[in-house]
Amino acid sequence: MSLFREDLANLPSYVAGKPSTDPAIIKLSSNEMPFEPLPSIQAAITEGVGSLQEYPDMMAVNLRQRVAKFHGVDSDWVAVSNGSVNMIEKILDAACEPDDEVVCAWRSFESYPIATALAAALTIKVPVTDLGEHDLDAMAEAVTDKTAAIIVCSPNNPTGTAVTHADLARFLDRIDESIPVILDEAYINFARMEDRVRSDELLAKHANLIVLRTFSKAYSLAGLRVGYALAHPATAETLRTVGTPFAVNALAQRAAIAALDATDKVVARTDDVVAERERVIAELADLGFAIPRSQANFMWFEMTNVEPFLAAAERHRIVVRAFVGDGVRVSIGTPEANDRIIAAAADYAKSLR
């Protein structure tokens, strides 16, 4: 006898990046920043330690106001969450009826099918293109009267590619305004491309658009789990209503505000990561690797047999993230770590000759 729904027996488990207890091994499997939180953020956290006997502000009023100021909207357009994954789960729980459908690209973020299944809905996976990009036309054609939500991940995890503003604008024009479109921009801070999506602009035009951001990546706050959604006021109010009470802890709220106050320094750090990303990809191209045009802080090696690459990574003391049968995702780290990526890739290429 099972205490839970029978369909959950086939629910895939989220696979976190493999940690290592050996300090000589560099973890490049979780898309974490190679920098610790900025001193001003650490100071804000320290200042809050003495009041942890109190519950955090459940509505995160100060954080919502600071996020709103950052995006040039009123705070009633903002809902916060325990990381953007928690917000995805809440959106789908609120949007889906049993056997509804959620359309997303694939391969994309592995939490999407899990959150969809928990909402008792079905995932409609639309294959990415040969370049690892969203096929927005195919995604629009996959919409039916059973579609309860659509998820667009840009930059896409794990392929790193990003949609353009013009393409996403055309896509949104094709989607009925009764269907929520979730734009997951967890890695947008690393995008350096022509016609980068201007999500604030699209949000003003489309009442069904929900934009997700996180402090886990560019802001070096993965360990505190804080993210947010931008949506039209009625939608944001619903998301605040269905949100987990006290989901964003007091230290996370303080840290996120301090992070936004240090935006210039955060941008400088992302510039460093992007410069390293471009250096590594250029080196990999010289080795014969066709890496998708990454706009994130990681790269995608498409391959059906991942074991030889994992072995090469292990020899060069780095931990990477394998997606068996599809490929390997490797995060950008410190220059030393990135040199190991290049060496491991060269080792792997040599083993295939």
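Trainee: What should I know before we start?
Mentor: The model is predicted, so local features need pLDDT of at least 70 and side-chain atom pairs pLDDT 80 or more, while totals for chains, interfaces and linings use all residues. Residues are numbered from 1 along each chain as its sequence is written, and side-chain values use heavy atoms, without hydrogens and water.

Trainee: At what angle do α1 and α9 pack?
Mentor: About 150°, with axes 8 Å apart. Here α1 is residues 39-48 and α9 is residues 250-261. Helices are DSSP runs of H or I, at least four residues, numbered from the N terminus. Axes are lines fitted to C-alpha atoms over the stretch in contact, and angles run from 0 to 180 degrees between N-to-C directions.

Trainee: Parallel or antiparallel?
Mentor: That angle makes α1 roughly antiparallel to α9; the cut-off is over 145 degrees.

Trainee: Which residues of α1 and α9 meet?
Mentor: S40, I41, A44, I45, E47 and G48 in α1 meet L251, R254, A255, A258 and A259 in α9. Contact means heavy atoms within 4.5 Å.

Trainee: New topic. How much space lies in the largest cavity?
Mentor: About 60 Å³. A cavity is a set of points on a 1 Å grid over the protein atoms alone where a 1.4 Å probe fits but cannot get out. The volume is the space filled by probe spheres set on the points, joined across faces, edges and corners.

Trainee: Which residues line the largest cavity?
Mentor: F70, N189, R213, T214, F215, Y219, Y228 and L260. Lining residues have an atom within 4 Å of a point.

Conventions: Helices (H or I, at least four residues) and strands (E, at least two) are DSSP runs, numbered from the N terminus. Angles under 35 degrees count as roughly parallel, over 145 as roughly antiparallel, 65 to 115 as roughly perpendicular and the rest as oblique. On a 1 Å grid over the protein atoms alone, a cavity is a set of points where a 1.4 Å probe fits but cannot get out, and a pocket is an open set with protein on both sides within 12 Å along at least five of seven lines; lining residues have an atom within 4 Å of a point.
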